[in-house]
Amino acid sequence: MRTTAVVIGAGQSGLAMSRCLSARSIEHVVLERCEVANSWRKERWDSLRLLTPNWQCRLPGQAYDGPDPDGFMTMPEVADFITEYAKFIAAPVMCGVTVTSVRRFEDGYLVSSDQGEWRCKVVVLATGAFNVPVVPSFASALPSSLTTLTPMDYRNANELPEGPVMVVGASATGVQIATEVRRSGREVTLSVGEHVRGPRTYRGRDIHWWMEGAGVLDERYDEVDDIVRARRVPSMQLAGSDERATFDLNALTSIGIRLVGRLAGINEGRAQFSGSLRNKCELADLKLGRLLNALDEWATSNGLDDSVPPPYRFEPTAVDPSPPLGLDLTSGEIETIIWATGFRPDYSWLDVEVLDNKGMIRHEGGVVESPGMYLLGTPFLRRRKSSFIDGARVDAEDLIGQLSGYLDNCA
Amino acid sequence: MTTTGTPVDNGVNVEFLLGARGLLTDTPDAAKFQWRATCEWQNGTHSTSTVEGFFGLGEEQKHRTLRSFDADHPEIFASEDNGVTPVEYVLVALASCLTAGVAAVAQNREIQLRSVSATIEGAMDVRGILGVDSDVRNGYNDIKVTYNIDADASPDDIKALVAQSQKRSAVYDIITNPTNVNVEVV
C-alpha cells in the first residue's frame, strides 16, 4: 500500500498528529498494534490516575469538558477520553497491526507489519517512551526465593505475596506503589536515588496550574542548559487523587515507610544501599525550593498575590541519620521486590540508523536525523511537558509545520 | 549569582571541562582512565606509596612530579607515627574531592568564592580492625563533613553547591557505593 504518512501508535501523540495531518489534508494511516490508547488500558496498575488535572487534558481541537476539571482521570477514563478523541477526529486508525520493521526505501520509508506493507514519504514514531521496564543488571543476583515485579506486572497490593516489600525507585511510580502497598498492611522499604520532590498543591492551587502559568511546563528543549540531562530527569513525585494528597518522602515516612539509599548492588544475598540518601534528599529539597521561588516570583510579577494565599515552604525531607546500608534478602526481611526503576522505549522494529549509544533516538525537537522521520511523546521532546497529554498537542502542532514543509520540498 | 561587574574567577577552567565533556561524549574510549599508586613496606606499620603515572585520553600520562606519601599508625597503637593513617588519607581524599567540586560548580554557576573550608570527621569503632567483635565493621560507621563557605550567593545557593559537588564527586561515590576489589599475589 502507498500513502504519504504512516503514524505508528494510536495514543495521544499519534492521534494528535493524525488530527494535524488531516487538517492539512495529508493522506495518512495510524497503525496500532492493539487498540487505541492500549498502554493506558492494559499496561498500568489498577489505582493509577493521571498525574495531570482534567482541565489540562487538551488535544488538538478538543479539550476535557466534563464536570470535574480539577479531578484526575482513572486509567479507563483516560483510555475512553483518547478513544473518544480518535472517533471525534475520525482518525484513520488501523488496529491490530503490529509493525515489524521500518526501513528506508527509495526517497521515503517502507513500513512492514503483520498485516502488510506501506510505502510512504514520512514516518511519525508515536509508540511512547515507556514500553519496557528498566531493571538493574544486578537483579539477576537476587535470591530466587524473592518475588519480583515491575510496574507493568503490578496490578494491586492484594495480588502480592504476604510479607515485607521493597520498592526500588522513588519517582511518581515508586512513591505511589509504595504507598498503596503500605496501606495494605505490609512493611515497606523504599530505596531512594535521585528524585524530584513536588507538592500536589501549593498556595491553594494544583502544582500543574502553577507550573503551567509560570511557563515551567513550556520550557523548550533549546532553552535548557543540558537537554540530555533534562530528558533523563525522573518524574516528579506526584499522584492524582480525590484528596489531592502529596506523595513526597515525608508523606511516605509518616505512614511508616522506611527509606533507604539507592540500591547499589546485591552481594551474597544482601542488598547494598548507597550512603547518599541524605544528599539525594537535600538536592531534591533545594530544587523544590528553587521551583517555589520561581512560582512565587511569577505570581508577584503577574499581580496574583492577592488572589492566592501567601507563600510558604515545606519541611525539609526527614532522613534517618544512619539509614541501613544493607539488608539480608534471604532472611524474610524482604519477600517481594518491585522495580520502579524506570522505563525505556522499544525500537527493536526500527531498521534505520537513528539510535544513539543509549538506544534513544537522535533528534532535534522531534525532527529525527533521518529525513522525513518525526518523533513524538518522549520526555522533554520539545518542552518539559512533552510526555504529558497536553504536550502531545503542542508538539504535534509544532512538528506538523516542519513535516509539511519537508513534503513541500520533496514535491 | 554574583552582583559585582567583575567576572567570576575561582581558578577553574570551566570552558575546558565543558569542552572535554562534549569531546568525551563522542569518544567514550578516551574517557577510560586508570589511576595508579605503588606501595613499598618500610618497617612495622610504616609504608611509603608513590604516585606518578596514570593512563587517560588513550595514552600514558604523568604528573608533573613523582609524589610520595608515608602512612603509619600513631604511637598509641605502638607504632612510630611516620605518617598519617590510611583511613585519614580517605578523609583527605573525600574533603579534597568535594572541595574541588565546590569550586568547579561555583565557577559553572558564576558564583564567586571568597573562602571555603571544611572539617571532616570519621567515626570508627576500632574493635572491628582489632577483631574484638565480628559484628563491628572495620571501616567508618559514619563520616561527617562540615563546610564553611563565604561566597557571593544566598545560603540555599551555597547549600546547592555542596549538594551538587557530592553528586559529581568520585570519592563520595567510592565511599558511599560498593566497589569490587581484587587483590592478587604475583
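## Contacts and the model

Two residues are in contact if their C-beta atoms, placed from the backbone, lie within 7 Å. The model described here is predicted. Leaving aside neighbours within four places in sequence, B:Leu161 is in contact with B:Val102, B:Val105, B:Ala106 and B:Ile111.

## Chain A overall

Chain A holds nine helices and 24 strands. Its radius of gyration is 22 Å, close to the 22 Å that the globule rule gives for 411 residues, so chain A is as compact as a globular protein of that length. Along its principal axes, the C-alpha trace of chain A spans about 65 × 60 × 40 Å.

Buried residues make up 45% of the 411 residues in chain A. What about contacts along the sequence? Among contacts in chain A between residues at least 6 apart in sequence, 70% join residues at least 24 apart.

## The domains of chain A

Chain A is divided in the domain assignment. Domain 1 is made of residues 5-131 and 345-410. Domain 2 covers residues 134-339. Taken over C-alpha atoms, the centres of these domains of chain A are separated by 28 Å.

The domains of chain A touch: 20 residues of domain 1 are in contact with 24 residues of domain 2. On the domain 1 side, that contact has eight nonpolar, four polar and eight charged residues.

## Helix α8 of chain A

Helix α8 of chain A runs over residues 277-301. It has 25 residues and reaches 36 Å from its first C-alpha to its last, close to the 36 Å expected at 1.5 Å a residue. Just after α8(A), A:Gly303 takes a positive phi of about 65 degrees.

A:Leu277 lies in helix α8 of chain A. Is A:Leu277 buried or exposed? It counts as buried because it has 24 C-beta neighbours inside 10 Å. Not counting residues up to four places away in sequence, A:Leu277 touches A:Val192, A:Leu259, A:Val260, A:Gly261, A:Val319 and A:Pro323. A:Leu277 and A:Leu304 are 27 residues apart in sequence. In space they are 37 Å apart, C-alpha to C-alpha.

## The nonpolar cores

In soluble globular proteins, nonpolar side chains tend to be buried together. The largest nonpolar core in this model has 70 residues. Which of its residues touch the most other members? They are A:Val167, A:Val168, A:Ala178, A:Leu190, A:Ile338 and B:Leu161. The largest share of this core, 10 residues, comes from α8(A).

A second, separate core has 59 residues. Among them are A:Val6, A:Ala16, A:Leu31 and A:Val97.

## Where chain B meets chain A

The contact takes 11 residues from chain B and 13 residues from chain A. On the chain B side, the elements that give two or more residues are α3 (155-167) and α4 (170-176). The largest share of that side, six residues, comes from α3(B). By class, the chain B side divides into four nonpolar, three polar and four charged residues.

Helix α3(B) has 13 residues. It reaches 19 Å from its first C-alpha to its last, close to the 18 Å expected at 1.5 Å a residue. Its buried residues are B:Ile158, B:Ala160, B:Leu161, B:Val162, B:Ala163, B:Gln164, B:Ser165 and B:Gln166. What covers these buried residues of α3(B)? The cover includes α8 of chain A, together with α2 (86-108), β6 (142-151) and α4 of chain B.

## The domains of chain B

The domain assignment of chain B gives domain 1 (10-83) and domain 2 (85-177). Their centres, taken over C-alpha atoms, are separated by 18 Å. The contact between them takes seven residues from domain 1 of chain B and nine residues from domain 2 of chain B. The domain 1 side has four nonpolar, three polar and no charged residues.

## Positive phi in chain B loops

Most residues other than glycine have a negative phi. B:Asp81 has a positive phi of about 60 degrees although it is not a glycine. B:Asp81 lies in the loop between β4 (59-71) and α2 of chain B. It counts as partly exposed, because it has 15 C-beta neighbours inside 10 Å.

B:Glu110 has a positive phi of about 55 degrees and is not a glycine. Where is B:Glu110? Its place is in the loop between α2 and β5 (113-123) of chain B. With 14 C-beta neighbours inside 10 Å, B:Glu110 counts as partly exposed.

Key
Residues numbered from 1 in each chain as written. Chains lettered and ligands numbered in written order. Predicted model: local features only at pLDDT ≥ 70, side-chain atom pairs only at ≥ 80, totals over all residues. Helix = DSSP H or I, 4+ residues; strand = E, 2+ residues; numbered from the N terminus. Expected span 1.5 Å × (residues − 1). Domains from an automatic or database assignment. Nonpolar A, V, L, I, M, F, W, Y, C, P; charged D, E, K, R; others polar. Core = buried A, V, L, I, M, F, W, Y, C linked by C-beta atoms within 7 Å. Buried ≥ 20, exposed ≤ 12 C-beta atoms within 10 Å, placed from the backbone. Rg over C-alpha atoms; globule rule 2.2 N^0.38 Å.
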